[in-house]
Amino acid sequence: MKKPYLSELLKRYLHNDCTEGEAWTVEQWYEARDVPRPAALTPAETAATKAKMWRQVQAQMQPQPALWHSPVLRWAAAAILVLGVGLSMLVALQRPAVGTKAALGRAAVVRFNAANGWITCTNPTTKATTVALADGSTVALQPNSRLRYPKRFDGPERCVTLSGEAFFEVAHDPRHPFRVLTDKLETTVLGTSFTVRAFPGQADAAVMVRTGRVRVAPSPTPLADAQRATPPAIVLLPNQQVVYSAVAPELRRELVAQPAQLAPQLLTFDERPVAEVLASLQAAYGVPILYDGAALANCTVSLAFGQESLFDKLDLLCKTLGASYEREDEKIVFRSRGCHSE
């Protein structure tokens, strides 16, 4: 607040010309200094009481008469006093009420607990949190997830355990494979980036690879399920994922929902063979695209792709040719009736 406003506030209060909120602010200052506030007074008594209060304000404003002789300085002192009242009330309003302290203690915050050389990070918040591991790897731990990892990686393997979902960017170290253990899957890599999703209580789990190669196998079968056949491990390539069902159980290799372009490159074609376009898309995304070369022998297109997803690019190509495609596991099958040469 500026000093002119504070001066005007005190004047208006003394003349019964302020709002309820402004009056409350000034009167709180009086009450804080043990000045009694009458419940019901006549107009004459009210005026007398306010005059008395004002004299008290003036007395506190003039502890050294020579120093406080100037009216401007007196108003400045009043401004400081009222400002102090405002700050005191702000603190009081922000102070938790009785019974809320425990609720504040339960606020959702990322927690790190260390014991016996291991650290457990729990993320009960609504946003991902980044965890830096001792080997230079990083983990984006998603909400409602927990990661347990060593302070230092001393053994032949770098091993962490996960409950929930996390995206891993693993520092390359061929001599020390990196393993992520969940209650359903074991994922082993040398250096890559991938996502593991395995929430407790859910029958399915998944591993999605962005870069590199990842080996995924079911976690060791409990003794109670020893009779079940264990599916063999699967090696995943970029833009592939494996989905594990504990009900079957089985490992299903698929394409990720939105394949990422592995390396930036210009995808512009001017009357180029369709086979060349498909080969370029396959190289850009690392996704196998199967097609009938004989049917496309006479097909050429002119297209300039931008930031569209892989499937949007294929949709555009199909509209141009009157073709179609479908996903089959980790592959794309492109179908066309061909083009007739003129």
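With which residue does E308 form a salt bridge, and how far apart are the closest N and O atoms?

Modeller: The partner of E308 is K313, and the closest N and O atoms of this salt bridge lie 4.0 Å apart. The criterion requires a side-chain nitrogen of Lys or Arg within 4 Å of a carboxyl oxygen of Asp or Glu, and the pair E308 and K313 is listed at 4.0 Å. The two partners fall into separate accessibility classes. E308 counts as partly exposed because its relative accessibility is 30%, which lies between the limits of 20% and 50%. K313 has a relative accessibility of 1% and therefore counts as buried, the limit for that class being under 20%.

As for the setting, a search of the whole predicted structure finds 12 salt bridges, and the pair E308 and K313 is one of the salt bridges in this model. Another joins R179 to E186, with 2.6 Å between the closest N and O atoms. Here both R179 and E186 are buried. A further salt bridge brings together the side chains of E326 and R335, at 2.4 Å from N to O. E326 has a relative accessible area of 34%, so this residue is partly exposed. R335 is likewise classed as partly exposed because its relative accessibility is 40%. Salt bridges with shared partners also link E157, R179 and E186 into one network.

Burial can be followed in the strands as well. Strand β9, residues 193-198, has five buried residues out of six and is therefore largely enclosed by the rest of the structure. Strand β6, residues 158-169, runs antiparallel to β9 and is joined to it by six bridges; within this pairing, E169 has S193 of β9 as its bridge partner. β9 also pairs with strand β10, residues 204-211, in the antiparallel sense over five bridges. In β10, A206 stands opposite R197. The hairpin of β9 and β10 has five residues between the strands, and G201 takes a positive phi near 85 degrees there.

Key:
Residues are numbered from 1 along each chain as its sequence is written. This is a predicted model: local features need pLDDT of at least 70, side-chain atom pairs count only at pLDDT 80 or more; totals for chains, interfaces and linings use all residues. Side-chain values use heavy atoms; hydrogens and water are left out. Buried means under 20% relative accessible area, exposed over 50%, partly exposed in between (1.4 Å probe, protein chains only). Helices (H or I, at least four residues) and strands (E, at least two) are DSSP runs, numbered from the N terminus. Two strands pair if DSSP finds at least two bridges between them.
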